[in-house]
Amino acid sequence: NNRLGTWEEILHKAGLKSTGFKTNISDIELLNEIERVWILLGKQPTTDDMKKGISKFHLCTFTRRFGGWRKALEEFVKYINGEVIYRESHKEDVAQGNEDKPSTNNTKFKSHKTPREPSNRLKVQVLMRDGNRCRLCGVECNDGLHNIHFDHIIPWSKGGETTLENLQVLCSDCNLAKGNC
């Protein structure tokens, strides 16, 4: 019941420019942003990470929407694991061009049912399962020295699919030493 209208209308009436802030952020956008930050960091983002400005949304946006950062992360895990399905997610992803697509850089062989490159969602699931540590040597990945590689346990070239069960986190040294075996 605002007599003056929306914030954007008030700014327009006053002859001021729009703030550019988006006020109608969907749950999907917030969950996709957690996913993006998680992959960027290579680990579960903390409140301190979010306060550093890594996210395009302020920490308060997440805490207000979900009732706290921990609850936002719990909702994110449910979303990533497919336990919660948001009806608008597919429509929004298609509209924004963010739909998971096979990488155009990798040839998809006829014998494969999945693209070679894992989707961002699958990468997060692998990181969560493996604890952001190399499964061969145990080193924490993305510490500035060791880069994360998402390795096919059964190599792609030998028919291995890009599935949670067939992917593992390896540090760059272990993955490059492993080769195609």
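I began with the contacts: of those in the chain with a separation of 6 or more, 57% are between residues 24 or more positions apart. I note that the model is a predicted one.

Next I looked up the elements. I found eight helices and two strands in the chain. Read from the N terminus, the order is α-α-α-α-α-α-α-β-β-α. The chain has 181 residues, and 38% of them are buried.

**Core.** I listed the largest nonpolar core, which holds 32 residues. Ile34, Trp38, Phe62, Trp69, Phe76 and Cys134 are the members that touch the most others. I then checked where the residues of this core come from: helix 2, helix 4, helix 5, helix 7 and strand 2 (167–171) each give at least two. Helix 2 has the largest share, with seven residues.

**Helix 2 and helix 5.** I took up the packing of helix 2 (residues 27–41) on helix 5 (residues 69–80). The axes are 10 Å apart and the angle is about 90°. Angles of 65 to 115 degrees count as roughly perpendicular, so helix 2 is roughly perpendicular to helix 5. From helix 2, I wrote down Ile28, Leu31, Asn32, Ile34, Glu35 and Trp38 as the contact residues. From helix 5, the contact residues are Trp69, Ala72, Leu73, Glu75, Phe76, Tyr79 and Ile80. Sorted by type, the residues of this contact are ten nonpolar, one polar and two charged.

**Helix 4.** Which residues of helix 4 (residues 59–66) are buried? I found Leu59, Phe62 and Phe66. Viewed down the helix 4 axis, these buried residues lie within an arc of 70°, so they line one face of the helix. I recalled that an α-helix has 3.6 residues a turn, so residues three or four places apart point the same way. The buried residues of helix 4 pack against helix 2, helix 3 (47–51) and helix 5.

I followed up Phe62 by itself. With neighbours within four places in sequence left aside, Phe62 contacts Leu30, Glu33, Ile34, Met50, Ser55, Phe57, Gly67, Gly68, Trp69 and Ala72. One of these, Gly67, follows helix 4 and has a positive phi, near 85°.

**Asn132.** I also looked for a positive phi in a residue other than glycine, and noted Asn132, with phi near 60°. Asn132 sits in the loop between helix 7 (120–130) and strand 1 (148–152). Is Asn132 buried or exposed? Its relative accessible area is 5%; buried means under 20%, so Asn132 is buried.

Key: Residues are numbered from 1 along each chain as its sequence is written. This is a predicted model: local features need pLDDT of at least 70, side-chain atom pairs count only at pLDDT 80 or more; totals for chains, interfaces and linings use all residues. Side-chain values use heavy atoms; hydrogens and water are left out. Axes are lines fitted to C-alpha atoms, for helices over the stretch in contact, and angles run from 0 to 180 degrees between N-to-C directions. Helices (H or I, at least four residues) and strands (E, at least two) are DSSP runs, numbered from the N terminus. Angles under 35 degrees count as roughly parallel, over 145 as roughly antiparallel, 65 to 115 as roughly perpendicular and the rest as oblique. Contact means heavy atoms within 4.5 Å. Ala, Val, Leu, Ile, Met, Phe, Trp, Tyr, Cys and Pro count as nonpolar, Asp, Glu, Lys and Arg as charged, and the others, Gly among them, as polar. Buried means under 20% relative accessible area, exposed over 50%, partly exposed in between (1.4 Å probe, protein chains only). The arc is that of the directions from the helix axis to the C-beta atoms. A nonpolar core is a set of buried Ala, Val, Leu, Ile, Met, Phe, Trp, Tyr and Cys residues joined through side-chain atoms within 4.5 Å.
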